Amino acid sequence: MANYYSDHPEIGFYLNHPLMARIVELKEKGFADAKEYDYAPVDLGDAIENYKQILDITGDVAANIIAPNSESVDLEGPHLENGRMIYASKTYENLDATRKAGLWGVSMPRRYGGLNLPNAIFSMLSELISAADAGFQNIWSLQSCIDTLYEFGSEEQRKKYIPRVCEGEGMSMDLTEPDAGSDLQRVMLKATFDEKENCWRLNGVKRFITNGDSDIHLVLARSEEGTKDGRGLSMFIYDKRNGGVDVRHIEHKLGIHGSPTCELTYKNAKAELCGSTRLGLIKYVMALMNGARLGIAAQSVGLSQEAYNEGLAYAKERQQFGDKIINFPPVYDMLARMKAKLDAGRSLLYQTACYVDIYKCLEDIERDRKLTPEEKQELKKYQRLADAFTPLAKGMNSEYANQNAYDAISIHGGSGFIMEYKSQRLYRDARIFSIYEGTTQLQVVAAIRYIGNGTMLQNIKDMSSSVDCANCAVNLAALKARVEALIPLYEEAIAAAKALDNQDAFDFLARRLYDMTCELVMSLLIIRDANEAPELFEKSANVYVRMAEEDIIGKAAYIKAFKVEDLESFKAIDPEA
């Protein structure tokens, strides 16, 4: 029987990540829960075994329930009845299976009914479910909104809402509006305090809300009358049980058909303030979005894996000109690149997730006691790393998912364009990954300050130093030397872009600097992984470094030859624009 976890040992490899022991130590707080909960781990080894069991269960559900249901869900999709969203019929089977498997509220502490899983393990679960059906992964993974409520809500709110999510109730984050997409400072949904009922009331419209008819919503709304910027926005909790919100429309989308994207009307809806007023956008949404972006990175890796699987399986079967097409150089080149992007992207995903875990665990510990000076330094270090790496993980993995889905269709040839083949659905599903939760262009904006100020250059040099090739295979040592030769080119390119002393020119070149940064980081990560498990990653390391070399050399040459006046060639040709 298929199992999306055990069939792909590359995922389990990251249970041995260099930071995993520290994550478990912090997450389990001295394994104190073992005294109260018989399913809580007693030591590191026990925790890792628990993670393996949960991953195995999820891999089974993904392969044998969610994946077989995916085509039916794609064809049927959700629909609207009397102001309510109704899922596709097979989506209810997926929900039932994941609830029975205990896969809801998994990141939450055990005292609320959760499994206390680290972010890295949640990302693995997310990857597995996405490989089966990226649309259903959207519904399932939005349970991570509860992390924001746990972090910023009151204890009363935690006790009220977290157990419900652990039992399988769904969540949504209601941020965007018809006139406020990426520019959330323009949100105008109005929040007013009802003195008589001692609650807040929400009025307005939200658009493009994933899983918009969920049980529990986190809502960004304007609480400060007369304001027009982010300082007037607060975060609210809306409980569907209280009524006041209707689904006005469900979007008809290119892909992820199983994931309902709703337009909502709030009519005097009762809500609770989450945290403090005025911090909705500048603090709470930023935390919410960073979690969501890591979720999209995991979603992207899952789909990349499935696209590679589909392309590989077809290439092994399809014969042309008397030979299997997998033996044709253009095809095996395409497959090798797909696998290299998948493996390097996955390594970046779990590196980032581990950074997030350490600083989030330390923040959680700080709620109970003061951190030591060493712990405070550790928190700051990993928070900076998480902030710098999250836009890399989201942006590049979403782009790679699109590329791998595209290549899967190319390998299928004409058959890939036929609706009966899965590759067309993967292609349609992947397209949104580089758009929602911040486009790739916005990930570049988020990352570029760390690139321009030299932070990422130093991170790359530190990573290079930490990859010990003293005992590496000759091939890996040679690959590392090739990557190290690219670092001065990267440094020169940053200096050249800054030397133009023109913000428009620097912004224009930012995407190229971003790509170079990601490729250097992933090259070093995949060499590190290949050194530990050559049977899994050595081929991908060889292919990925060559790809990165080809790209970085070209981009460095482009940037160093660029002049400010060259911008005129790229501006809109319409003089009225």
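User: Which residues of H10 meet which residues of H17?

Analyst: Ala 336, Arg 337, Lys 339, Ala 340, Lys 341, Asp 343 and Ala 344 of H10 meet Leu 536, Phe 537, Ser 540, Val 543, Tyr 544, Met 547 and Glu 550 of H17; contact means heavy atoms within 4.5 Å. By class, this contact has eight nonpolar, one polar and five charged residues. Nonpolar covers Ala, Val, Leu, Ile, Met, Phe, Trp, Tyr, Cys and Pro, charged covers Asp, Glu, Lys and Arg, and the others, Gly among them, are polar. The model is predicted: local features need pLDDT of at least 70 and side-chain atom pairs 80 or more, while totals for chains, interfaces and linings use all residues. Numbering starts from 1 along each chain as its sequence is written, and side-chain values use heavy atoms, without hydrogens and water.

User: What makes H10 and H17 roughly perpendicular?

Analyst: The axes of H10 (residues 329-366) and H17 (residues 534-561) come within 8 Å and cross at roughly 100°. Angles under 35 degrees count as roughly parallel, over 145 as roughly antiparallel, 65 to 115 as roughly perpendicular and the rest as oblique. The pair is therefore roughly perpendicular.

User: Why does buried Glu 437 have no salt bridge?

Analyst: A salt bridge needs a side-chain nitrogen of Lys or Arg within 4 Å of a carboxyl oxygen of Asp or Glu. For Glu 437, the nearest side chain of opposite charge, Arg 293, is 6.3 Å away, so no salt bridge is counted. Glu 437 is in the loop between H12 (422-430) and H13 (440-452).

User: Why is Asp 501 called exposed?

Analyst: Its relative accessible area is 71%; buried means under 20%, exposed over 50% and partly exposed in between (1.4 Å probe, protein chains only). Asp 501 is therefore exposed.

Methods
Axes fitted to C-alpha atoms, helices over the stretch in contact; angles between N-to-C directions. Helix = DSSP H or I, 4+ residues; strand = E, 2+ residues; numbered from the N terminus. Lys, Arg positive; Asp, Glu negative; His and termini not counted.
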